[in-house]
Amino acid sequence: MSAEKIERRNIHTYPFKYTHTPAEEFFASEKAAIYVHIPFCTKRCHFCDYVVRIGSNSSLREQYVDAVCKEIRQFRSIPCFPSFLIDALYVGGGTPGLLESRQLTRILKTCQDTFAFTEDAEISIEFDPRTARLDKLIEVREAGFNRLSLGLQTFDQHLLYANNRPHTVEDIYEAYDAIASARFVHTNVDILYPLLDQKMEQWEETVQKAIALKPAAITAYPLEVWSNSAYGKWLANGRKTVGWALEEAMSRYAYDRLEDAGFQRNTTGGYYHPGRARRYCRYGDYYWRTWPLIGFGVSAKSVIHDRLYTNMQDVEEYIRRIQDGQPVIDFSTRLTRRQEMRRVMIRGLKLCKVAKSEFRDRFGVAVDVVFGSEIATLVEARWIHDRADCIELTREGQVYDRSVYAVFYTEEDIRPPREGEVQYGLSDPVADCDP
Ligand SMILES: C[S@@+](CC[C@H](N)C(=O)[O-])C[C@H]1O[C@@H](n2cnc3c(N)ncnc32)[C@H](O)[C@@H]1O
Ligand code: SF4
């Protein structure tokens, strides 16, 4: 290109190209999802590191619901955010099913009074088998919850007991009958592998029995070990996991059996049955694709455009601050454009696929231009397919997904935290070790 002498060409703005867009489309609110964290459980499972509170009384739970509803209503007064149209609400925990149905309904209604919702918004809730009782299930479904997730983990009574689960195998079947009687259509069940000392036969039985329930979705969670869980402490003291070879065999077994049973893989652990549901979980799209996500309650995280922030964890302190009208943010960061791009790849690949058009629309540049060398490395390792329209994990890439994400990390991402920084979302070396 050469510089050209232009004598007269007036400009009063830039860019120069516009289209005729219908006003209602142009001024439409941006879609978002909401997550509400309910931190109450009756027992702490040995593998779990979620922010949960054991042994709460009804007064604390009521105060917590009051505080969450107030936090939801206050969101509108945060000046830097536009108004959002809510496409998915996820009430998770902890065990939301521990709350009374009137409290759950109140949380849902507060969200609906504060935000506009899409007509077919997905409204999800988590139960454990002990809390899934018929009267409560009917009440929450009638209030508007239309997706239910039930944590089972295993059908082996001994493993349930050894992991301090709050329910028995019998409870699982009773809960599932109640869910069917309450006419929940979109039901997901969570199973988890490998539990400490779990044998392949126990996992096979769990996968088969989960399939036999005929749920719309099954989430087969690969175990994450975090240092503040009982598992984390046991491993740090020399106890061993079942080993990677067996874990890999379990992962492949679940994939094969679920596929045989007509399920499609949607995330690296999440499967849905197209004959029973239209999708796996719409909330998951917002969560993994890093679309706007607004979190309420203790430890809830929000990711809104380039702002990423997480609420404090202590229940009493959270309630006190909300009552006093103080902010409840614990830590936060502003994403650089480069981090946002990496985030879209790493988290997008958790959903097995990143659409090239979505990357280009969001960042104005082709993914191949930004991540050409990472893509070439992963193609060579046979962990991704570089297709014309998307980057997609291969089957091997789904088994080694953690290795795929690592290709997108920078030195800056994995260096130890400096003074004043909070390390978040990356397990420590003890938790990563294999026997
Ligand atoms: C908040 S819990 C679900 C609801 C309910 N509290 C329950 O456990 O039944 C969500 C799911 O996270 C999964 N989970 C918990 N700890 C995990 C870990 N350390 N690694 C992988 N998945 C885990 C479990 O499968 C659990 O069902
Ligand atoms: S797995 Fe579920 S029931 Fe167990 S401690 Fe975690 S949140 Fe509570």
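**Reading helix packing, ligand shells and domain contact**

Biologist: Helix 7 (residues 200-212) and helix 9 pack at about 25 degrees, with their axes 10 Å apart. What do the axes and angles refer to?

Modeller: Axes are lines fitted to C-alpha atoms, for helices over the stretch in contact, and angles run from 0 to 180 degrees between N-to-C directions. Helices (H or I, at least four residues) and strands (E, at least two) are DSSP runs numbered from the N terminus. This is a predicted model, in which local features need pLDDT of at least 70 and side-chain atom pairs pLDDT 80 or more, while totals for chains, interfaces and linings use all residues. Residues are numbered from 1 along each chain as its sequence is written, with chains lettered from A and ligands numbered from 1 in the order written.

Biologist: Are helix 7 and helix 9 roughly parallel or oblique to each other?

Modeller: Under 35 degrees is roughly parallel, over 145 roughly antiparallel, 65 to 115 roughly perpendicular, the rest oblique. Helix 7 and helix 9 are therefore roughly parallel.

Biologist: Which residues of helix 7 and helix 9 meet?

Modeller: Contact requires C-beta atoms, placed from the backbone, within 7 Å. Helix 7 brings Met-200, Trp-203, Glu-204, Val-207, Gln-208 and Ile-211, and these meet Leu-246, Ala-249, Met-250, Tyr-253, Ala-254, Arg-257 and Leu-258 of helix 9. By class, this contact has 10 nonpolar, 1 polar and 2 charged residues. Ala, Val, Leu, Ile, Met, Phe, Trp, Tyr, Cys and Pro count as nonpolar, Asp, Glu, Lys and Arg as charged, and the others, Gly among them, as polar.

Biologist: At what angle do helix 3 and helix 4 pack?

Modeller: The angle between helix 3 (residues 101-114) and helix 4 (residues 134-143) is about 15 degrees, and their axes are 9 Å apart. Helix 3 and helix 4 are therefore roughly parallel to each other. Ser-101, Leu-104, Thr-105 and Leu-108 of helix 3 make the contact with Lys-136, Glu-139, Val-140 and Ala-143 of helix 4. That contact of helix 3 with helix 4 divides into 4 nonpolar, 2 polar and 2 charged residues.

Biologist: At what angle do the axes of helix 2 and helix 11 cross?

Modeller: The axes of helix 2 (residues 58-74) and helix 11 (residues 315-323) cross at roughly 50 degrees and come within 9 Å. Helix 2 and helix 11 are therefore oblique to each other. On helix 2, Gln-63, Tyr-64, Ala-67, Lys-70 and Glu-71 meet Val-315, Tyr-318, Ile-319, Ile-322 and Gln-323 on helix 11. The classes in the contact of helix 2 with helix 11 are 6 nonpolar, 2 polar and 2 charged.

Biologist: Which residues around ligand 1 come nearest?

Modeller: A residue is near a molecule or strand if its C-beta atom, placed from the backbone, lies within 6 Å of it. Asp-128, Gly-151, Asp-190, Tyr-221 and Glu-224 come nearest among the 16 residues around ligand 1. Strand 4 (84-93), strand 6 (147-153) and strand 7 (186-193) are the elements giving two or more residues to this shell. The shell around ligand 1 has 7 nonpolar, 5 polar and 4 charged residues.

Biologist: Which residues surround ligand 2?

Modeller: Among them are Cys-41, Arg-44, Cys-45, Cys-48, Asp-128 and Gly-151. The shell around ligand 2 divides into 6 nonpolar, 4 polar and 2 charged residues.

Biologist: Which domains does the assignment give?

Modeller: Bounds come from an automatic or database domain assignment. For this protein, that assignment gives domain 1 (27-286) and domain 2 (338-414). Their C-alpha centres lie 27 Å apart, and 7 residues of domain 1 are in contact with 6 residues of domain 2. Helix 9 (residues 244-260) supplies 3 residues, the largest share of the side of domain 1 that touches domain 2. That side of domain 1 has no nonpolar, 4 polar and 3 charged residues.

Note on methods
Two residues are in contact if their C-beta atoms, placed from the backbone, lie within 7 Å.
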